Amino acid sequence: MNINTQIHRLLISTLLLATSVFGQNFEQFLSQALQSSPYLKASALDAHKIKEEGSILLRYKNPSLELEYASFNPDIGSSDNGYRVNYSQDIRLWDVAADKTALNKANIENADASYALKKALFTRDISLFYTQYMQTKKLLILGKQELEIAKKIYDISLARYESGSISEGLKLQAQVDFEMVKSLQNTLDLKSLNTYYKLLGFAGITQDLELDDSHTFNLVSDADTLQNPSVLLYQTQKNQALKEAEVNANSIEWINVFAELENEPEQDIYRLGVNIPLAIFNDKSEEKRISSLKASQAELLVLNEKNRLDIGLIRLQKERVSLLKLNKTNKKILKTELRLLKMYEEGYKIANTSLLQLQDIKNKVIQTREQIIQTDTALNKNAIYTNYNQGNYNE
């Protein structure tokens, strides 16, 4: 084995060890989900189907061939035979071909925009699922911290009971609190398991993964809501309707060109001609009005969607300011509560603090930490929705 092979294997082993220890980060998980999701693969096939349908729109009609045999039996003279051959082909008018090519391009753009919207929504929603998974993991860790504090209080109570400084009732009260926290830990384990498999199920991943639970979703640089995939989809629908109107403006799409040879006993007859349809009863005026209405409707939907996203961004910006203030306040409170918890633990050992006071501050510490987790989760969700509204997931 040469030195390059050894180095290569060492690097692979190091990467595998790093993945098993630290877990797959969100970007790696998202990349895997985007590649393996059956939902996105099906959506991509739908876009390919639209493109194939565009080929149908542009293809020519098949030519026609007529063959005719004739037998001539005059009253006087000998009988004879003849034949007729007719070849005809429908020819699309040049302007119609250009309009249909433009419509086909608009249909493809609409299909691409539809897929982009589904992909962006998938990215947004899987980010929300991942945030929920991280929240349950953090709550699970918090539950373990609460269990450690409750165990410590119970151990102190047991030692004081054995020394005769507290009653059995207080010792049992500490024991009940400890057992209840242990039971809660089982509930948190189950909830974490459920959110983990919901995440994998939504991603279309069928094997267990070690996932990083400390990811932070940050705001991407500002973008215009006109780049949001739902707005872009309505814009392509508007363009699609306008191109349909241009196609329908052609009252006549095809003319028929034919060539004919007729063989008779005494002569051959050659014919060249054109069949031109007359747009008298059907000039496609209704189709043109329908397409124009669809274009106007799509334009209004673009405006409505942009307004909805813009007001949503204003709400998200104000919400973020409030969440950051709340997070800062809770972290400041937690520092004070942790100092107080340590003081009460030391005081409870020497009977300067009651069990009720100690358990009360313990509960407040856990409650504040839980609020910080909830606020961090809300900030992650805020960033995810803001990025989506601004079109940052539209790739």
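## Ground rules

Helices here are DSSP runs of H or I at least four residues long, and they are numbered from the N terminus. Take helix H8, which covers residues 355–389 and holds both Asp360 and Lys364.

This is a predicted model, where local features need pLDDT of at least 70 and side-chain atom pairs count only at pLDDT 80 or more, while totals for chains, interfaces and linings use all residues. Residues are numbered from 1 along each chain as its sequence is written, and side-chain values use heavy atoms, with hydrogens and water left out.

Asp360 and Lys364 sit 4 residues apart in H8, about one turn of the helix. Their side chains meet in a salt bridge, N to O at 3.5 Å (a salt bridge is a side-chain nitrogen of Lys or Arg within 4 Å of a carboxyl oxygen of Asp or Glu). Asp360 is partly exposed at 39% relative accessible area, and Lys364 also counts as partly exposed, at 39% (buried is under 20%, exposed is over 50%, and partly exposed is in between, using a 1.4 Å probe and protein chains only).

How does the length of H8 check out? With 35 residues at 1.5 Å a residue, H8 should span 51 Å, and its end C-alpha atoms are 51 Å apart, so the two agree (the expected span is 1.5 Å times one less than the number of residues). After H8 comes Gly391, with a positive phi near 85°.

Thr386 is also in H8. Is Thr386 buried or exposed? Thr386 has a relative accessible area of 7%, so it is buried. A polar atom of its side chain lies 2.7 Å from the backbone oxygen of Asn382. If you skip the neighbours within four places in sequence, Thr386 is in contact with Leu219, Leu313 and Leu316 (contact means heavy atoms within 4.5 Å).

Searching the whole structure turns up 23 salt bridges. Side chains of opposite charge can pair when their charged atoms come close. One of the bridges joins Lys49 to Asp46, at 3.3 Å from N to O. Both residues belong to helix H3 (residues 38–58), 3 residues apart, or about one turn of the helix. Lys49 is partly exposed at 44%, and Asp46 is partly exposed at 31%.

Helix H7 (residues 285–349) has a pair of its own: Arg315 and Glu319 are 4 residues apart there, so about one helical turn separates them. The closest N and O atoms of this salt bridge are 3.4 Å apart. Arg315 is partly exposed at 48%, as is Glu319 at 31%. An α-helix has 3.6 residues a turn, so residues three or four places apart point the same way. Beyond pairs, there is a salt-bridge network linking Glu66, Glu68, Arg84, Glu260, Glu262 and Arg271.

The structure holds 10 aromatic pairs (rings of Phe, Tyr and Trp, the last by its six-membered ring, pair if their centres lie within 6.5 Å; planes under 30 degrees apart are stacked, over 60 edge-to-face, and the rest tilted). Why does the pair of Tyr133 and Tyr196 count as tilted? Their ring centres are 5.9 Å apart and their planes are at 45°, so the pair is tilted. This pair links distant parts of the chain, with Tyr133 in helix H4 (residues 94–163) and Tyr196 in helix H5 (residues 168–203), 63 residues apart. Tyr133 is buried at 5%, and Tyr196 is buried at 10%.

Tyr154 and Phe178 form a stacked pair, 5.8 Å centre to centre with 0° between the planes. Here too distant parts of the chain are linked: Tyr154 is in H4 and Phe178 in H5, 24 residues apart. Tyr154 counts as buried at 14%, and Phe178 is buried at 10%.

## A ring cluster, and charges over rings

Tyr133 and Tyr196 turn up again in one aromatic cluster, together with Phe26, Phe29, Tyr130, Tyr197 and Phe217.

Some rings have a charge over the face (NZ of Lys or CZ of Arg within 6 Å of the ring centre and within 35 degrees of the ring normal). Arg124 lies over Tyr388, 4.9 Å from the ring centre. Lys171 lies over the face of Tyr161, at 5.2 Å from the ring centre.

Key: Helix = DSSP H or I, 4+ residues; strand = E, 2+ residues; numbered from the N terminus. Polar contact = N/O pair within 3.5 Å; in protein donor to acceptor, adjacent residues only side chain to side chain.
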